[in-house]
Amino acid sequence: MSALTPPTDMPTPTTDKITQAAMETIYLCKFRVSMDGEWLCLRELDDISLTPDPEPTHEDPNYLMANERMNLMNMAKLSIKGLIESALNLGRTLDSDYAPLQQFFVVMEHCLKHGLKAKKTFLGQNKSFWGPLELVEKLVPEAGEITASVKDLPGLRTPVGRGRAWLRLALMQKKLSEYMKALINKKELLSEFYEPNALMMEEEGAIIAGLLVGLNVIDANFCMKGEDLDSQVGVIDFSMYLKDGNSTKGSEGDGQITAILDQKNYVEELNRHLNATVNNLQAKVDALEKSNTKLTEELAVANNRVITLQEEMERVKEESSYILESNRKVNKQDRTADGQALSEARKHLKEETQLRLDVEKELEMQISMRQEMELAMKMLEKDVCEKQDALVSLRQQLDDLRALKHELSFKLQSSDLGVKQKSELNSRLEEKTNQMAATIKQLEQSEKDLVKQAKTLNCAASKLIPKHH
């Protein structure tokens, strides 16, 4: 396999220099690894002759590009495999300081830069892979959130920094493979940015996109605000790929089992917490239903008392009319009586008249109190309706909590969502719990107010009944 060559204006190394470099190089899977210009070079040992050649030979550019694609694909395989194995053995969320993860991003950056057309600007020629990555949001609408987040980051000033931030956000979202496949399938759009024989335009790009699916098993979390992505220099450390992979196979299973057990314990603890919260909310709902039942019974008693007062008012009216009629009859019979009987009758009539006026005043007071009681009952009915609506909303929120609980359990078991979405779900659960607690406190306060109003109505009704008797 030949090397990834620098631009054509660079001088070609002589055979003597190649021979000297071969003696001091690191050997990795029958390849010599070195830096040649701006490209990472992998030269197969069989292609390097340690004896001086009489004349250097010039290779076909298409053949060189094919070798460059093959070298980048091999490096991507090594980087992805090493990252997955080390992440599974580590058993925790990866951050930006994790060395295998940094090496993976450097290799991906070289893959995206391969065969990239140089765009001429007033500052000179510029090669940036941010342009192709911006196309992803047109192909996959879900990528629009990543692109918007990258554009909103304040510390990014160059297209290279934005492209690096985009790669990290896509890996956190576990959609990097999906986005790369969607981009590679649109060769007509990529032709604007890449040469025809570039990595993204050939079969090797599709192979790398398929390899990226394996990264969905790892969790990564990056903080972009304090990281300088514009001026980073990608240097690959090949020492991590020289280790014997067989020594880690024994502990790989234990690491995976430990990670699975940790996830299981976390899910069980979260389920217990959610069940306790649901039970507490259910108990509060039952208490509210009991209080509403008591209020309904008290309202029915108040209605019965109002009906009784109305019947007593009718009876008082009948008695007053009977007294007036009897007074009239007595006055007619006593006209022929003596003056003393007449005066006594007049006196009795005045007393009855005064009694009638008192009864009418009492009737007016009872009517006004009855109107006030009707208004209070309407307010009680309105409060009961509001409490019923609040109970319905509480039940709906309980159903939402259960749905969120099942959704969270499913997403935790499938391990398809990141820590950020888990924290968002937890914050939503806490927010809804706080809202429900506040609603319950308001209902309890309104319940106390309704009880006070009912007691006031009972006192008023009890005062009215003794007055009549």
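## Close-up views of a predicted model

**View 1. Helices α2 and α10 side by side.** Helix α2 (residues 61-90) packs against helix α10 (residues 203-211) at an angle of about 5 degrees, their axes 10 Å apart. That makes α2 roughly parallel to α10 (angles under 35 degrees count as such; axes are lines fitted to C-alpha atoms over the stretch in contact, and angles run from 0 to 180 degrees between N-to-C directions). Helices here are DSSP runs of H or I, at least four residues, numbered from the N terminus. This is a predicted model: local features need pLDDT of at least 70, side-chain atom pairs count only at pLDDT 80 or more, and totals for chains, interfaces and linings use all residues. Residues are numbered from 1 along each chain as its sequence is written, and side-chain values use heavy atoms, leaving out hydrogens and water.

View 2. Glu-204 forms a salt bridge with Arg-69, with the closest N and O atoms 3.3 Å apart (a side-chain nitrogen of Lys or Arg within 4 Å of a carboxyl oxygen of Asp or Glu). The pair links distant parts of the chain, 135 residues apart. Both Glu-204 and Arg-69 are buried (under 20% relative accessible area; exposed is over 50%, partly exposed in between; 1.4 Å probe, protein chains only).

**View 3. A pair within helix α3.** Lys-113 forms a salt bridge with Glu-109, the closest N and O atoms being 3.2 Å apart. Both lie in helix α3 (residues 99-113), four residues apart, about one turn of the helix. Lys-113 is partly exposed at 30% relative accessible area, while Glu-109 is buried at 9%.

Terms used: Helices (H or I, at least four residues) and strands (E, at least two) are DSSP runs, numbered from the N terminus. Angles under 35 degrees count as roughly parallel, over 145 as roughly antiparallel, 65 to 115 as roughly perpendicular and the rest as oblique.
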